Amino acid sequence: MPLMKVLTVVGARPQFVKAAPVSDALKAAGHEEILLHTGQHYDDRMSRIFFEELGVPEPAINLGVGSGPHGRQTGEMLARIETVLLSESPDWVLVYGDTNSTLAGALAAAKLGIPVAHVEAGLRSHNRRMPEEINRVATDHLSDLLFCPSESAAEQLRREGITAGVHVVGDVMYDAILWALPRAEAISPPAERLGLEPGQYWVATVHRAENTDDARRLKSVAECFAAAAEPIVFPVHPRTAKALAAASLSLPENVRVIEPVGYLEMLRLVRDARGVITDSGGLQKEAFWLRRPCITLRDETEWLETVESGWNRIVGVDPDRLARALTAEWPTGEPPPVYGDGSASQRIVELLRAA
Ligand code: UD1
């Protein structure tokens, strides 16, 4: 007999990684999980490959919502998730991170009085121009259980008056990387296929609306890449590929553009790299856990501990600041254990059960 029925909402690439260890922990404890994919990401390289690599079964439900303006995309998800929740009546709705799929899942459940649990609660950039910030704030204020990756996230929730149901459990992405790293070390190195030597290239990703949807800022990103003497491997997000084409921007010669890669290939690329240049949240942490320098192409970050420990430098899209960071002194040794001990998923399942 299943003990608890949990409906998990995922939709975008990082959520497939975050949900995988929690799905395993739910299954191991005998609970029933219904995996709902909103369809926000639908390309094989943005979605299917992650389920294959992580050994997560195909989602039981795929709403096929696809791309669109924020209101329409989120609204379509909301309506379709509501229909599913009415027929499934889960004990919990579990949402991850800060995407439109996160907000739609939380809002649909909260309106029906179904308890909501948010994994990666309490993160803030304090920049309301980011769609993700709106999604995080709204989701946290709709949630009954708030699973924080760090103490600073719980402190942020306290500042917003949220104290009930808040638990610092650690980061599920750390659980995921502990599982995946030995597997990533067993694959053939993607850098080798590109003719690159370990430690002699940087790996870059760019996909945030603030960088892609403003042609001037996107041009500055290209100028930042030109500031590097070493090759840059650039797995390009479809949104960024479209934005580069629309702005007729070409990238400097040291940039090696490749298709989006799966989780294991990405971890291996980063592990073998000199460091990471990114505007992604997840990659800032993955670089930290893999002890690689991270240069962040944003004006602020939610992942304060990566900066405070010296492993991450925020440079905006300023080529001079980026050039200084490329040749800066970086820490050595182990990063501090600020995002848990790899048992976040298990603690989440225990807390859901106990609530
Ligand atoms: C979304 C999240 C972001 C997260 C990111 C991870 C929101 C508001 N943003 O951004 O927080 O960091 O996912 O990647 O939810 N596209 C494709 N194929 C796909 C998916 C997208 O071609 O499989 C293209 C489409 O042109 C689409 C654009 O990418 O319009 C943007 O996709 P969307 O899902 O809106 O947001 P992301 O930029 O991926």
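Student: Before I ask anything, what are the ground rules?
Tutor: This is a predicted model, where local features need pLDDT of at least 70, side-chain atom pairs count only at pLDDT 80 or more, and totals for chains, interfaces and linings use all residues. Residues are numbered from 1 along each chain as its sequence is written, and side-chain values use heavy atoms, with hydrogens and water left out.

Student: Which domains does the assignment give?
Tutor: Domain 1 (5-171 + 340-354) and domain 2 (180-326). The bounds come from an automatic or database domain assignment. The C-alpha centres of the two domains lie 26 Å apart. Their contact (heavy atoms within 4.5 Å) takes 22 residues from domain 1 and 20 residues from domain 2.

Student: How much area do domain 1 and domain 2 bury between them?
Tutor: About 1700 Å², with 56% of it on carbon and sulfur atoms. Buried area here is the accessible area (1.4 Å probe) that two parts lose on being put together, summed over both.

Student: Asp171 came up already. Which residue does it form a salt bridge with?
Tutor: Lys285, with the closest N and O atoms 2.8 Å apart. The partners are 114 residues apart in the chain: Lys285 sits in helix 13 (residues 281-289), and Asp171 in the loop between strand 7 (166-168) and helix 7 (172-186). Helices (H or I, at least four residues) and strands (E, at least two) are DSSP runs, numbered from the N terminus.

Student: Is Lys285 buried or exposed?
Tutor: Lys285 counts as buried because its relative accessibility is 0%. Asp171, at 2%, is also buried. The cut-offs are under 20% relative accessible area for buried, over 50% for exposed, and partly exposed in between (1.4 Å probe, protein chains only).

Student: What about networks of salt bridges?
Tutor: One network links Asp98, Glu133, Arg136, Glu210, Arg298, Glu300 and Glu302. Within it, Arg136 and Glu302 meet at 3.3 Å, N to O, and both are buried. Glu300 and Arg298 pair at 3.4 Å. Glu300 is buried with a relative accessible area of 17%, and Arg298 is buried at 0%.

Student: Switching topic: how many residues are in the largest nonpolar core?
Tutor: It has 66 residues, and those with the most contacts inside it are Leu94, Tyr263 and Leu352. Helix 1 (residues 13-28) gives the largest share, 7 residues. The core draws at least three residues from each of domain 1 and domain 2. A nonpolar core is a set of buried Ala, Val, Leu, Ile, Met, Phe, Trp, Tyr and Cys residues joined through side-chain atoms within 4.5 Å.

Student: What does Leu94 touch?
Tutor: Not counting residues up to four places away in sequence, its contacts include Val6, Val22, Leu26, Val119 and Leu352. A second, separate core of 24 residues includes Val221, Phe234, Val317 and Trp330.

Student: Last one: how many disulfides?
Tutor: The structure holds 0, a disulfide being a pair of cysteine sulfur atoms within 2.5 Å. For Cys294, the nearest cysteine sulfur is that of Cys224, 13 Å away. Cys294 is buried, at 0% relative accessibility.

Note on methods
A salt bridge is a side-chain nitrogen of Lys or Arg within 4 Å of a carboxyl oxygen of Asp or Glu.
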